[in-house]
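Dear colleague,

I am handing over the structure below, and after it you will find my notes on what was found. Please read them with the coordinates open.

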2 protein chains.
Amino acid sequence: MRQPVQTTIAERLRLKAAELTAAERKLMATLFANYPMAGLASITEFAREACVSTPSVLRLAKKLGFSGFPAFQERLRAELSAQLQNPIAKHDRWSADAPDTHILNRFATAAMENLSGSLKLMDHRSFDAVVALLTDRRRRIHIGGGRITGALAVYLTTHLQMARPEVTLVPAMPAMWPQVLLDIGKKDVVVVFDIRRYDARMLEFAASARERGAKLVLITDQWISPIARLAVHSLPLRIEAPSSWDSNIVLLFMAEALVAAIINAAWPETQARIRELEGLAESVRRPR
Amino acid sequence: MRQPVQTTIAERLRLKAAELTAAERKLMATLFANYPMAGLASITEFAREACVSTPSVLRLAKKLGFSGFPAFQERLRAELSAQLQNPIAKHDRWSADAPDTHILNRFATAAMENLSGSLKLMDHRSFDAVVALLTDRRRRIHIGGGRITGALAVYLTTHLQMARPEVTLVPAMPAMWPQVLLDIGKKDVVVVFDIRRYDARMLEFAASARERGAKLVLITDQWISPIARLAVHSLPLRIEAPSSWDSNIVLLFMAEALVAAIINAAWPETQARIRELEGLAESVRRPR
DNA sequence: GACAATCTGAAATTATCGCTTCAACAGTCT
DNA sequence: AGACTGTTGAAGCGATAATTTCAGATTGTC
């Protein structure tokens, strides 16, 4: 591991301020006026900005202990990067006393990284647009997934059915798709899960649905399924895991976040529906 | 002063995301992973970081409307500069520019807390014991879940079936349980998902399985299902969410971690099995 | 005012970057 | 099968950036 404490360029400059020449102080002032951006342009621009020559910049960099201007600049970038990088969950010891190499901890780290990476990758307006689409009660919704993602499709369907009517699961068997497609039209929204290795048959299904006028929403991985070309909205997520398979945790996260947002978006109706559902559950259970 | 409203590079990228090529998407992901610092190095470094060639970087820059890489980079610097000058440093933790109150960010925070809370709560030796139990090939495994957790049971079953033989899903319908119980004996392990509100019928099923000599493994929430009294191992997890329902993300995490650990524990056999599976998948797919 | 010490930038040199070309490749459509 | 369209990176060629050199400018000292 690298030395944890390393002085920033700003600190070093202030420390050496006394022994700087006139041209170097000009550079310092310019840099501080717009720290550290001023130093991230080319050496030529930085020199011109401070009204000095390029060799003066170079001498300053060397005075600060760098091998050359690129080294100086790289340090500036590293500083800024560290500053911008959110100290996301400084994984303060996951599992109580298991070693860091325990699979639980390795998986937890991967899950965290996938989650934060996905959120950076994603456009929250796409998310909002998808929520609006799925909240619209004039639309019917069909949800489908592949071999692995099928369980997620089931999960999303189950939850969405609690929130609103007209939600159906696209059966896992391609043999049944023609009948499903028969009832898909302009008013329908088809939500598809597709992660690598992308399912060729799912692509065909998506194309057919699209042809019949349905709107496609795609939930996929960071490498993006080819279905994206047909979809009105794509939500790419990171799914890397320290195992032979990818991790679908973030897909589930997305499913749950969608459901929560949809429920929020139409609370009064949803609340009424949930009440009714509870009542029905009771009356089914009671008489056994 | 320049036009105040100008699309950022991040926005432009998201807008064009659908029409990007694979190499370009790699670049996009790399840039977003460390935005915008990743793009401020030289074109060569940026390309290497994303594992693509320099011409691909150039093509992306041109696709976004820039005359070349330096122009692209200058815009990045300008954006960053503007952002840094802004006193309200937008260090938005999660989604690039969504507010903290956006459901995505609230959900992400909850998921992170659930995950780290679960790991602190859990005894990793229980986890290891469960892994050992499920790795033992002399045992048959049955996996069951309730109305909500059923999808997770399906997921775990699907994955575990790839790792080892003799894994079956307990059907969701209680009517079918007698037949399932008939074949459960001392050699069997029954894995049950049960979160609040705990399923009374699932408890009965678990009790019957226990009576017949099966070992019970319970995956439950922090308030712990009554089935825990019957189980040899219980894995309690945190499932709170900022919504009307609980979040099952951590349950999925546990399922994936279990599968990964089981695969690790018996790698040679598992590898052979996976190879065989791949072969079969091929031969089923080919003749369509 | 001469001298030494230091500083500075123009110009030359070198290294690296950014860009173009082109052949290989993959996927698609006849 | 084979032509076609679109994507990709290796190779090479300017262009620009980074560095070095050195002569002139500046400053301080005697």
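Axes here are lines fitted to C-alpha atoms, for helices over the stretch in contact, and angles run from 0 to 180 degrees between N-to-C directions; helices (H or I, at least four residues) and strands (E, at least two) are DSSP runs, numbered from the N terminus. This is a predicted model, in which local features need pLDDT of at least 70 and side-chain atom pairs count only at pLDDT 80 or more, while totals for chains, interfaces and linings use all residues. Residues are numbered from 1 along each chain as its sequence is written, chains are lettered from A and ligands numbered from 1 in the order in which they are written, and side-chain values use heavy atoms, with hydrogens and water left out.

In chain A, helix α6 (residues 103-121) packs against helix α11 (residues 249-265) at an angle of about 50 degrees, the axes being 9 Å apart. The two are therefore oblique (angles under 35 degrees count as roughly parallel, over 145 as roughly antiparallel, 65 to 115 as roughly perpendicular and the rest as oblique). Contact, meaning heavy atoms within 4.5 Å, brings A111(A), N114(A), L115(A), S118(A) and L119(A) of α6(A) to I249(A), V250(A) and F253(A) of α11(A).

In chain B, helix α2 (residues 22-33) and helix α4 (residues 54-63) pack at about 85 degrees with their axes 9 Å apart, so α2(B) is roughly perpendicular to α4(B). Here A23(B), E24(B) and L27(B) meet S56(B), V57(B), R59(B), L60(B) and K63(B).

Between the chains, the contact takes 73 residues from chain B and 73 residues from chain A, and about 6500 Å² is buried, 67% of it on carbon and sulfur atoms (buried area is the accessible area, with a 1.4 Å probe, that two parts lose on being put together, summed over both).

Finally, some backbone points deserve a look. The peptide bond from Y35(A) to P36(A) is cis, with omega near -10 degrees, and a cis bond also joins Y35(B) and P36(B), with omega about -10 degrees. I224(A), which is not a glycine, has a positive phi of about 65 degrees.
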